[in-house]
Amino acid sequence: MGKRILLLGAPGAGKGTQSKRLAEEYDVEHVTTGDALRANKDMETEYGTPRSFMEKGELVPDAVVNEIVKAALEDADGYVLDGYPRNLSQAEYLTEITNLDAVIYLNVAEDELVERLTGRRVCSECGTNFHVKFNQPEEAGVCDECGGELIQRDDDTEETVRERLSVFDENTAPVIEHYRDEGVLVEVDGEQTPDEVFEDVADVVDDA
């Protein structure tokens, strides 16, 4: 059985980047809530299909998300969970359906998260990500990959970013405390370089 890893962290902490690297390094599935929902939009649950909520622009209820994630984990020979659980009730459900080998929290200060997220620029043509400070294109405002225009997404403005972080604190901070209280949470300094973060994360997984 492959490693079963849960990666936690606020928006901008680097979860997506590190999850992809872990999935490649340990040859396990990268399971994100968004991908799982999109791949199973028409899966029937007793509460309806994910599509029935998504098309109305409504949040998919926990009970539906739980069933989708359960199906994704059952199909995986090891996985990195990214973006789930988002709240305490999902965390409690996860405990019922699987045993985790490693629970890792990428710890990054709020000001650093704001700088990372507000500085992100996305190619309007191909979607490649750049950053005004950390990952600059060769020519300002122009995508290295396809020459498209780089734009700031609406949800990357400072006001929106701080609101997203506030929502994360409200919903997901209790999840972090839950795993900390259980004595299984390992914190990694997410303000290091991506390579340094990955080394620390991989050390935790290897020791699990």
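How far apart are the end C-alpha atoms of residues 120-155, and what are the helix and strand percentages of the chain there? The model I am presenting is a predicted one. In it, the end C-alpha atoms of that stretch are 10 Å apart, and the chain between them is 0% helix and 25% strand. The UniProt record, in an unreviewed entry, lists residues 120-155 as "domain: Adenylate kinase active site lid".

From an unreviewed entry, UniProt assigns the feature "binding site" to a set of residues including Thr-33, Glu-58, Val-60, Arg-86, Arg-153 and Arg-164. The annotated positions span 132 residues in sequence, and their farthest two C-alpha atoms are 29.0 Å apart, so they do not all gather at one spot.

Glu-58 is partly exposed, at a relative accessible area of 41%, whereas Val-60 is buried, at 13%.

The second largest pocket holds about 190 Å³ of space. Its lining consists of 14 residues, and those nearest the pocket centre are Leu-100, Val-103, Tyr-179, Glu-182 and Val-184. By class, the lining comprises nine nonpolar, three polar and two charged residues. Both α5 (88-97) and β4 (102-107) contribute at least two residues to this lining.

Finally, the aromatic rings. The count of aromatic pairs is zero. Arg-21, however, lies over the face of Phe-198, 4.2 Å from the ring centre.

Conventions:
Residues are numbered from 1 along each chain as its sequence is written. This is a predicted model: local features need pLDDT of at least 70, side-chain atom pairs count only at pLDDT 80 or more; totals for chains, interfaces and linings use all residues. Side-chain values use heavy atoms; hydrogens and water are left out. Rings of Phe, Tyr and Trp (its six-membered ring) pair if their centres lie within 6.5 Å; planes under 30 degrees apart count as stacked, over 60 as edge-to-face and the rest as tilted. A charge sits over a ring if NZ of Lys or CZ of Arg is within 6 Å of the ring centre and within 35 degrees of the ring normal. On a 1 Å grid over the protein atoms alone, a cavity is a set of points where a 1.4 Å probe fits but cannot get out, and a pocket is an open set with protein on both sides within 12 Å along at least five of seven lines; lining residues have an atom within 4 Å of a point. Grid points are joined across faces, edges and corners, and a volume is the space filled by probe spheres set on the points. Helices (H or I, at least four residues) and strands (E, at least two) are DSSP runs, numbered from the N terminus. Ala, Val, Leu, Ile, Met, Phe, Trp, Tyr, Cys and Pro count as nonpolar, Asp, Glu, Lys and Arg as charged, and the others, Gly among them, as polar. UniProt positions are given in the numbering used here, feature names are shortened, and annotations may be inferred rather than shown by experiment. Buried means under 20% relative accessible area, exposed over 50%, partly exposed in between (1.4 Å probe, protein chains only).
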